[in-house]
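These are my notebook entries on the structure shown below. I record what I looked up, topic by topic.

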Amino acid sequence: MKIKIVKVLPKYLKPKPDQSKLGFGKHFTDHMFTMKYKEGEGWYNPVIEPYQLLQLDPTSMCLHYGQEIFEGLKAYRGPKDEIYLFRPMENIRRMNVSAARLCMAQMDETVFFDALKQFVVLEHEWIPREPGSSLYIRPTMIATEPALGVHPSSEYLFFIIAGPVGAYYAHGFGPTKIYVSQEYVRAAPGGTGNIKAAGNYAASLYASRIASDMGYTQVLWLDAKENKYVEEVGTSNIFFVIGDELITPPLGGTILPGVTRDSVLKLAVHLGVKVTERRLAIDEVIEKIENGTLKEAFASGTAAIISPVGQIFFRNREYIINEGRTGALADRLYSEILHIQYGIAEDPFGWRVQIA
Ligand SMILES: *Cc1c(COP(=O)(O)O)cnc(C)c1O
């Protein structure tokens with residue numbers, strides 16, 4: 001599929017933001033990729049065009065019935081100005097899994113990758129140079145058939161936007177405080193917890209606000225059926241180090257299969273760490289914090305790579321992990337993955353994809 005390119009006139013290019021104050025999700029590049037789908041016709045009109053407002057009919061189905069999915073990945077600038085993506089095919093495949101679950105249109109992996117690559121290369125000047133900064137990329141698909149009545153939309157819009165983001169740890173790599181939600185759940189068996197559906201995040205806001213009002217950074221989600229097993233933290237996967245073992249809950253339909261989660265698991269095995277995927281009850285976590293065998297807890301995700309957990313609030317009590325400090329394994333995994341992503345370290349897994 002040939003992608004049409006309509007460039008912004010040089011005089012309308014946006015000024016680049018100060019690289020030392022990027023934050024997350026505040027700045028966006030000059031262009032966007034869009035492509036449309038209609039039942040019977042398939043995908044059509046792939047175009048990279050100036051970043052602009054979308055025109056939607058008020059009856060567009062995404063606005064009423066939530067057929068909306070997204071992805072999140074990053075482009076990194078290497079020491080010689082090379083541009084890398086990290087395991088992009090994983091995001092592309094996961095987006096198709098999300099689409100299938102919500103009865104949305106599938107995309108050809110090659111067309112998707114080609115669009116991603118051409119778009120990022122066109123916007124290469126937006127990939128920041130500050131250590132730890134990157135270009136965050138947000139592929140999104142929405143249902144656009146103009147009709148009410150609950151049924152799968154016959155039309156979709158796929159778009160890719162991107163924006164420079166700062167190093168997640170502007171003030172150093174420090175542990176967060178998390179709050180165990182016992183009243184609210186993120187994902188139930190048979191639901192949509194294993195896909196990046198927009199509605200999952202809307203449903204998580206209430207518990208996040210409770211946690212934030214209580215002074216905690218994130219919610220630690222328990223399983224919906226027994227309210228007992230640890231599943232995820234905020235919008236990240238969760239890991240514990242108990243004894244000399246790295247433990248994470250198994251994917252089972254209610255956990256988002258994070259690309260970073262998978263990378264942590266493979267890297268830990270490569271480093272000779274004992275790795276186990278098993279269900280872990282919150283009571284076991286608390287017991288092992290108390291008896292001193294739980295050494296580390298950390299979250300994993302594209303935004304921060306690894307985010308250590310220093311405190312857990314559960315049943316009106318606060319439990320401190322590793323004296324509130326970043327653990328040795330979290331630290332090691334963080335820098336190993338970071339160095340692979342930026343083209344600084346060897347990449348024994350072939351995760352890095354150089355696009356320019
Ligand atoms: C995106 C996401 C993750 C992390 O996935 P990565 O591919 O590692 O970025 C974990 N949990 C939830 C709920 C997510 O939305």
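Entry 1, a helix pair. H2 (residues 88–101) and H3 (residues 109–122) pack at an angle of about 125°, their axes being 10 Å apart. H2 and H3 are therefore oblique to each other; angles under 35 degrees count as roughly parallel, over 145 as roughly antiparallel, 65 to 115 as roughly perpendicular, and the rest as oblique. I note that axes are lines fitted to C-alpha atoms, for helices over the stretch in contact, with angles from 0 to 180 degrees between N-to-C directions. Helices (H or I, at least four residues) and strands (E, at least two) are DSSP runs numbered from the N terminus.

From H2, the contact (heavy atoms within 4.5 Å) takes in Pro88, Met89, Ile92, Arg93, Met95 and Asn96, and from H3 it takes in Glu109, Phe112, Phe113 and Leu116. I sorted these contact residues into seven nonpolar, one polar and two charged. In this sorting Ala, Val, Leu, Ile, Met, Phe, Trp, Tyr, Cys and Pro count as nonpolar, Asp, Glu, Lys and Arg as charged, and the others, Gly among them, as polar.

Conventions. I number residues from 1 along each chain as its sequence is written, and side-chain values use heavy atoms, without hydrogens and water. The model being predicted, local features need pLDDT of at least 70 and side-chain atom pairs count only at pLDDT 80 or more, while totals for chains, interfaces and linings use all residues.

The axes of H5 (residues 259–270) and H7 (residues 328–341) come within 11 Å and cross at roughly 105°. H5 and H7 are therefore roughly perpendicular to each other. Ser263, Val264, Leu267 and Ala268 of H5 meet Leu333, Glu336 and Ile337 of H7. I count five nonpolar, one polar and one charged residue in this contact.

Which residues are the closest to the ligand? I found Lys196, Tyr201, Glu232, Thr260 and Thr302, among 14 residues that surround it, each having a heavy atom within 4 Å. I looked next at polar contacts, pairs of N or O atoms within 3.5 Å. An N or O atom in the side chain of Tyr201 is 2.4 Å from a ligand oxygen atom. A polar side-chain atom of Glu232 lies 2.5 Å from a ligand nitrogen atom.

Key
Polar contact = N/O pair within 3.5 Å; in protein donor to acceptor, adjacent residues only side chain to side chain.
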